[in-house]
Amino acid sequence: MAELTNIKSPRVKAARRLTKRAFRDRDRAFLAEGPQAVREALAIKDVTIELFTTVEAETRHADIVADALAAGVPVHRASGEVMSELTQTVTPQGLLAVCRFVHVPLSEAVPRGARLVAILAHVRDPGNAGTVLRTADAAGADSVVFTDASVDPYNGKCVRASAGSLFHLPVVTGTSVADAVRHAKEAGLRVLAADGAGTRTLDEVALDAPTAWLFGNEAWGLPPELLALADEVVRVPIYGRAESLNLATAAAVCLYASARVQRQTLHSVEDPTTPAS
């Protein structure tokens, strides 16, 4: 396998331009960097378009490279200089995949029967958004909705922060907050807005019903017109002296609180002899 050493080669330039949203949208492709993200991308049929790897990474992650070749994915050996040009991290991990978009329509991501959904409204920080996506995946959520004023889920930092979760659960992009909330309600979910303006705390709200959590911007939260869309506005209780929680932490608290109660409720229905914890 010949090594790519020219950062100005057409193949390298074509991949490099996917760091820009306009080119991602035009090509309907994005970059997934690091062994975890690449492994999860390869686990989905026909998502990975091509793979770039350094000699060191090819040896260290021989199983991933073998999976790519077995799936018919073109593998390009790249020099350290080329990999540094393609990646957006200070210390590249030596593996980078070009992937097709994986988002799905709102109707597919939030079907009737869904139990837990995260809706991101005006969330602009890609690290926060990716962390919420990863948390939603860990909490067993059905999907995550990136509304049209939120960060692009295919942003490199967002993809890295999701740690492969972008490939695990349905993701929606480009819908309005109003449409996302309306569809969630039509699918049978109660919509709770997480905001410091809530009259009741998370401890005071029943969480056993199917729920879509609405999370707002990192700096200013949710404006009144979006709070009005929710069935209820709920605040996370602060027991200590901290003024507030950041978005990703608040989302983790809310999603896990719902997941815990829903799992306990489901378990008690399946086994009514088991006492509630």
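User: How many helices and strands does the protein chain have?

Analyst: This is a predicted model, where local features need pLDDT of at least 70, side-chain atom pairs count only at pLDDT 80 or more, and totals for chains, interfaces and linings use all residues. Residues are numbered from 1 along each chain as its sequence is written, and side-chain values use heavy atoms, leaving out hydrogens and water. Helices (H or I, at least four residues) and strands (E, at least two) are DSSP runs, numbered from the N terminus. On that basis the protein chain comes to 12 helices and 12 strands.

User: What is the radius of gyration of the protein chain?

Analyst: Taken over C-alpha atoms, the value can be set against the globule rule, 2.2 Å times the number of residues to the power 0.38. For 277 residues the rule gives 19 Å, and the chain comes close to that, so it is as compact as a globular protein of that length. The radius of gyration is 21 Å.

User: Is Arg24 buried or exposed?

Analyst: Arg24 sits in helix H2, residues 21–27. Buried means under 20% relative accessible area, exposed over 50%, partly exposed in between (1.4 Å probe, protein chains only). Arg24 has 3% relative accessibility, so it counts as buried.

User: Which residues does Arg24 touch, not counting those up to four places away in sequence?

Analyst: A contact means heavy atoms within 4.5 Å. With sequence neighbours up to four places away left out, Arg24 touches Leu18, Thr19, Ala29, Phe30, Phe101, Asp152, Tyr154 and Asn155.
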